[in-house]
Amino acid sequence: MAEPAPGFDAIQRRKRLRPISTGKRISPQPRDLLWFRKIHEHGPLPSSYLHGFSAGEYINEKRARERLTDLFNEAETRHGGTYLSRPLQQFRTIDSRYNQLVYDLTQASVAALKETGLHSPYATRPSGPWLHGFMTACITASIELATLAREDLKFIPGWRVLERAGAQLRFPTPIEDPKSGKTVSRDLIPDALFGLEYLTDAGPRYRFFLVEADRGTEPMTTSNWNRKSWQRSLAQYRAYVGGGLYRDHLKLTAPVIVLVVGTDERKIARMLKVADIAGAHAPWLLFTTIGDFGPVFRPPAPMLHLLDESWLGNGVDAFRIDQP
């Protein structure tokens, strides 16, 4: 049997980690630009999410995967290279070859978005480890995908809110240092921002959401107020959301809710306990847990239940974010 060509496996399939161009020239089509825009708005996304965004017009999932493969491999483009990347971090888990592939933008796809007016400098991504940002992208993209099946809801990407306000997601928030008793200012940087428009018989209503994705890597409390902890984040959100600072920062009159999404139910229970001990009656604070983002992770299918499931509340009964 002949040796496979470099970059191909034994049955002449291109390997998943590195792009291998066949010389085919491709140009971005409307579906491609839609995929680029959704990655730009949310962050790196699995193939099932990208197909979900385009399924209304292109129902063949196999063809979608083939097109994504071309966008990853083929470098003969008018924007100077391949349009999509496959972040290597997704392969650093057990049996990654059985997982769906995750895609991110390249310089070429960013150029295509700018050329067509679909790129915004206000689109932001969470800082920190790749898996944390990927988890955040899956959360917000899942909620948007779930709204596509609803006639009474519209998803508002966070960059539109920031662009309208001329603001960045980072905001210096005054809090009291429990050690010194002095008021200090520390930057509050939520992982994501989005809104929902509720189309009711009485007219449209709005609610906006800040996302905190927790993979259990941050401490619950710390004696060093300069280090991020849940205790410090809670104090910051109490000032920013509970105290209404977001109204001037984001130029919003509609309410804001903080969605805390964890990977461990026991950690979420401890977070609720810390909030109770702090006396934080916070109807603006909701919690839920999801799997697939632990040390051994698997890119999940769209988590559509995040829109219509009941979230745990602090100071409120179970709450569904799809209800106005």
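Colleague: Which residues line the second largest cavity?

Modeller: This is a predicted model, in which local features need pLDDT of at least 70, side-chain atom pairs count only at pLDDT 80 or more, and totals for chains, interfaces and linings use all residues. Residues are numbered from 1 along each chain as its sequence is written, and side-chain values use heavy atoms, with hydrogens and water left out. On a 1 Å grid over the protein atoms alone, a cavity is a set of points where a 1.4 Å probe fits but cannot get out, and lining residues have an atom within 4 Å of a point. For the second largest cavity, these are Arg16, Gln90, Phe91, Ser96, Asn99, Gln100, Leu101 and Pro299.

Colleague: How much space lies in the second largest cavity?

Modeller: By class, its lining has three nonpolar, four polar and one charged residues; Ala, Val, Leu, Ile, Met, Phe, Trp, Tyr, Cys and Pro count as nonpolar, Asp, Glu, Lys and Arg as charged, and the others, Gly among them, as polar. A volume is the space filled by probe spheres set on grid points, which are joined across faces, edges and corners. The space in the second largest cavity is about 40 Å³.

Colleague: Which residues lie nearest the centre of the largest cavity?

Modeller: The largest cavity holds about 180 Å³ of space. Helix H1 (30-42), strand E4 (153-157), helix H6 (158-165) and strand E7 (192-200) each supply at least two residues of its lining; helices (H or I, at least four residues) and strands (E, at least two) are DSSP runs, numbered from the N terminus. The lining divides into eleven nonpolar, four polar and three charged residues. Of the 18 residues that line this cavity, those nearest its centre are Glu41, Thr124, Gly158, Ala192 and Leu193.

Colleague: Which element gives the most to the lining of the largest pocket?

Modeller: A pocket is an open set of points with protein on both sides within 12 Å along at least five of seven lines. The largest pocket has about 580 Å³ of space, and its 29 lining residues include Ser127, His132, Ile189, Asp191 and Lys228, which lie nearest its centre. Strand E6 (183-188), strand E8 (203-214) and helix H7 (230-242) are the elements that give two or more residues to this lining. The largest contribution, four residues, comes from H7.

Colleague: Are H1 and H4 roughly parallel or roughly perpendicular to each other?

Modeller: Leu33, Phe36, Arg37 and His40 in H1 meet Ser109, Ala112 and Leu113 in H4, where contact means heavy atoms within 4.5 Å. The axes of H1 and helix H4 (residues 107-115) come within 10 Å and cross at roughly 100°; axes are lines fitted to C-alpha atoms, for helices over the stretch in contact, and angles run from 0 to 180 degrees between N-to-C directions. Angles under 35 degrees count as roughly parallel, over 145 as roughly antiparallel, 65 to 115 as roughly perpendicular and the rest as oblique. H1 and H4 are therefore roughly perpendicular.

Colleague: Which residues of H2 meet H5?

Modeller: The axes of helix H2 (residues 47-54) and helix H5 (residues 130-147) come within 10 Å and cross at roughly 30°. This angle makes H2 roughly parallel to H5. On the H5 side, the contact involves Cys138, Ala141, Ser142, Glu144 and Leu145. The H2 residues that meet them are Tyr49, Gly52 and Phe53.
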